Structure formats: C-alpha cells, structure tokens
Amino acid sequence: MDPLSDIIALLRPHAALSKPISGRGDWGVRYDAYGQPGFAMVLAGHCWLTLDGAEPVRLDRGDFVLLPATPAFTLASRPGIAGTLVQPSDRAVRHGEPDGAPDVEMLGGAFRIEPVNAPLLLALLPGMIHIRATESAADRLSRIIALIAEECGGDRPGHDMILPRLIEVMLIECLRGSGIEGEALPSGLLAGLRDPALATALRAIHGNVRGGWSVAGLAAIAGMSRSAFAARFVETLGCGPIEYLARWRMALARDALDRGKIPLDRLAETIGYESASAFSTAFRRRMGCSPGAFARARRQSAIAA
C-alpha cells in the first residue's frame with residue numbers, strides 16, 4: 001500500500017478556488033494567516049514571498065509554491081516592503097500600478113481539507129514547498145494547475161468529482177516531487193518515506209493496519225536490528241513505530257466516525273483492535289471523549305456549518 005495515497009484520501013481535499021494575480025511597478029501586500037492550504041504558480045516575471053518569521057523567497061517564472069497551512073505572509077515586487085494588509089478574494093487581483101502590462105503574472109488558489117484529520121498534512125510537510133521551474137516536477141505541476149484553473153472557471157458536468165481528484169494529484173505530486181528531495185524535512189511521514197528501510201515498514205503498516213505488529217516484526221521487514229530500527233524510526237518520524245501505528249489507527253477511526261454511523265465492533269475489527277471496548281478505551285485516552293461523543297459532535301458541527 002502507498003502511505004501517501006492513504007493520507008491524501010483521508011484528507012479529502014475539496015472546494016478549490018483559483019484566480020489570476022498580477023502586479024506592476026513597486027508594490028507589496030500582506031495577508032493574515034488563512035490556516036487552509038494555498039498554492040500559486042508564477043506564469044511570467046517574478047516576485048518575492050515572505051512568510052512570517054522567515055527569509056524572503058524569490059519566485060520566478062514557472063515556480064510553484066504550496067503552503068500547507070498558509071500562515072501570514074507578504075507578497076511583493078521586491079524584498080523589504082512591509083505590504084498593505086488586504087483581504088483574500090476569489091476574483092482576479094491586480095497589485096501596484098493599475099495600468100500597463102504587468103511585470104508579474106501568477107495563478108493562485110486555495111482549497112479545504114477535512115478538519116478532523118488536518119494535522120496529518122501539517123505533520124507531512126514543511127511550512128512551505130517551493131518547486132523551482134528548473135525541476136522536473138514543475139512541468140507536471142504546471143499542467144495540473146492549468147486543469148484546476150480550467151475546472152474552477154467553469155461548471156461542466158462532473159465538476160464536483162473531477163476537482164477534488166485534481167487537487168489530490170497536485171498534493172501527491174508535491175509530496176513526491178524532486179523539488180523537496182534535497183531539503184531538510186521535519187520529522188514525519190515524508191521524511192520516513194525517504195528512507196528505503198523505513199519506507200518498507202511504513203508500507204507494511206498501511207497495507208495491513210489490522211496486523212498485530214511488533215517492533216521486532218517491523219524491524220525484520222525493514223532488514224534491520226530491532227534497536228537500530230526503533231532508534232531510526234523515532235529520529236526520522238518523531239515517534240516510535242507502535243505509536244505511529246496507533247496514531248494511524250486513530251486517524252482512520254476519526255475519518256470513519258466523521259463519515260457516518262458504523263458499529264463500534266466492526267470499526268474496532270477493521271482497524272486492528274480486539275474488541276469495541278478496547279477500541280473505545282484507546283480512543284477516549286487519545287481524544288478525550290468516547291467514539292460516540294466524537295461522532296455526535298461532528299454531526300452537530302456539520303449541521304451548524
């Protein structure tokens with residue numbers, strides 16, 4: 001099984017918007033934190049992106065950037081501009097001089113993911129992924145972005161099915177893209193999948209979440225000693241292998257409970273617990289409430305929305 005595909009399927013990205021962004025002359029704008037994923041591709045010219053607390057990054061023609069949780073940021077024609085606070089819009093945006101050919105043209109967008117498992121995406125990725133035009137992934141992403149923009153701009157039959165899948169493809173392309181191969185990554189699944197031995201163990205976990213996995217068993221699959229495997233797993237993913245398994249089981253449980261009613265005994269068996277009682281105890285310990293209370297709260301939240 002492919003852990004990346006598993007994670008993206010659980011996040012269920014949806015409700016995308018896409019818009020053209022352009023600028024001319026000397027300009028700078030600032031946006032407050034948005035919290036949901038945002039992305040942009042530079043179609044012509046260049047500009048500078050500065051996330052709060054980070055150094056300015058130059059975005060050139062053909063570059064792609066993904067912000068998994070879109071913190072507060074400044075977009076400007078050059079570094080050092082404080083930027084005027086503006087509000088997000090789903091319409092075309094023009095910065096700087098209103099007349100004349102633009103110096104920079106971009107396509108920007110945003111989408112939503114299921115909040116119940118949103119922390120999974122944040123654990124997967126650095127705060128920003130910047131894939132440069134010179135990297136092979138950029139060309140594939142440009143085609144995907146073009147399709148997303150086309151789908152956002154129309155109302156063709158099948159729109160509600162095609163758009164989420166295009167976003168899924170975009171996310172997977174980012175996750176596996178060569179543009180992040182050489183960068184230092186925070187502890188998490190993406191870092192683990194870079195390690196061939198750990199990746200083998202991770203695929204085993206995702207391929208059989210019901211399995212009675214042990215550290216020794218996973219170490220054997222990875223072709224490592226138990227102690228070396230456990231130490232590398234913790235260092236690379238930020239938790240031990242059995243803890244990772246427990247977290248993934250809880251993510252699957254939250255998703256199942258969020259989607260609708262499911263008998264606890266069947267859910268428990270599906271994700272690897274011996275009984276509904278054992279599952280309920282584990283869920284309460286990690287989530288602070290019973291599975292039933294969690295499901296009711298999610299239903300009420302959906303109604304209120």
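The structure is a predicted model, in which local features need pLDDT of at least 70, side-chain atom pairs count only at pLDDT 80 or more, and totals for chains, interfaces and linings use all residues. Residues are numbered from 1 along each chain as its sequence is written, and side-chain values use heavy atoms, with hydrogens and water left out.

The chain has 12 helices and 11 strands; helices (H or I, at least four residues) and strands (E, at least two) are DSSP runs, numbered from the N terminus. The radius of gyration is 22 Å, close to the 19 Å given by the globule rule for 305 residues, so the chain is as compact as a globular protein of that length. This radius is taken over C-alpha atoms, and the globule rule is 2.2 Å times the number of residues to the power 0.38. Along its principal axes, the C-alpha trace spans about 70 × 45 × 35 Å. Of the 305 residues, 47% count as buried, where buried means under 20% relative accessible area, exposed over 50%, and partly exposed in between (1.4 Å probe, protein chains only). The chain exposes about 14,800 Å², of which carbon and sulfur atoms supply 53%; accessible areas come from the Shrake-Rupley method with a 1.4 Å probe, and for residues only the protein chains shown count as cover. Among contacts (heavy atoms within 4.5 Å) between residues at least 6 apart in sequence, 74% join residues at least 24 apart.

Strands of a sheet pair through backbone hydrogen bonds, either parallel or antiparallel. Here two strands are taken to pair if DSSP finds at least two bridges between them. An open sheet of six strands has the order β9-β1-β10-β3-β6-β11, and its pairing is mixed. Strands β9 (93-96) and β11 stand at the edges with a single partner strand each, so one side of each is left without a neighbour in the sheet. From one strand to the next, the twist averages 20°.

Helix α3 (residues 136-152) packs on this sheet and touches β1 (14-24), β3, β6, β10 and β11; its direction makes about 105° with that of β3. Helix α4 lies across β1, β3, β6, β10 and β11, running at about 100° to β6. For these angles, axes are lines fitted to C-alpha atoms, for helices over the stretch in contact, and the angles run from 0 to 180 degrees between N-to-C directions.

Within the sheet, strand β3 (residues 38-44) pairs in the antiparallel sense with β10 (residues 104-112) over six bridges and with β6 over four bridges. Glycine 38 takes part on both sides: its bridge partner in β10 is alanine 110, and in β6 it stands opposite leucine 67. Strand β6 also runs antiparallel to β11 (residues 129-131), to which three bridges join it; there, phenylalanine 64 stands opposite isoleucine 131. Both faces of β6 (residues 64-67) are covered, with Phe64 and Leu66 buried on one side and Val65 and Leu67 buried on the other.

A further set of pairings involves strand β4 (residues 46-51). Strand β4 pairs with β5 (residues 57-60) in the antiparallel sense over four bridges, and in β5 the bridge partner of histidine 46 is aspartate 60. The hairpin of β4 and β5 has five residues between the strands, and in it glycine 53 takes a positive phi near 80°. Four bridges also join β4 to β7, and these two run antiparallel. The bridge partner of threonine 50 in β7 is threonine 74.

Seven of the nine residues of helix α1 (residues 3-11) are buried, so α1 is largely enclosed by the rest of the structure. These buried residues are Pro3, Leu4, Asp6, Ile7, Ile8, Leu10 and Leu11. They pack against α2 (118-124), α4 (159-176), α5 (189-194), α6 (196-207) and α9 (241-259).

Two loop residues other than glycine have a positive phi. Arginine 12, in the loop between α1 and β1, has a phi near 45°. Threonine 70, in the loop between β6 and β7 (73-76), has a phi near 35°. Threonine 70 is buried, with a relative accessible area of 6%.
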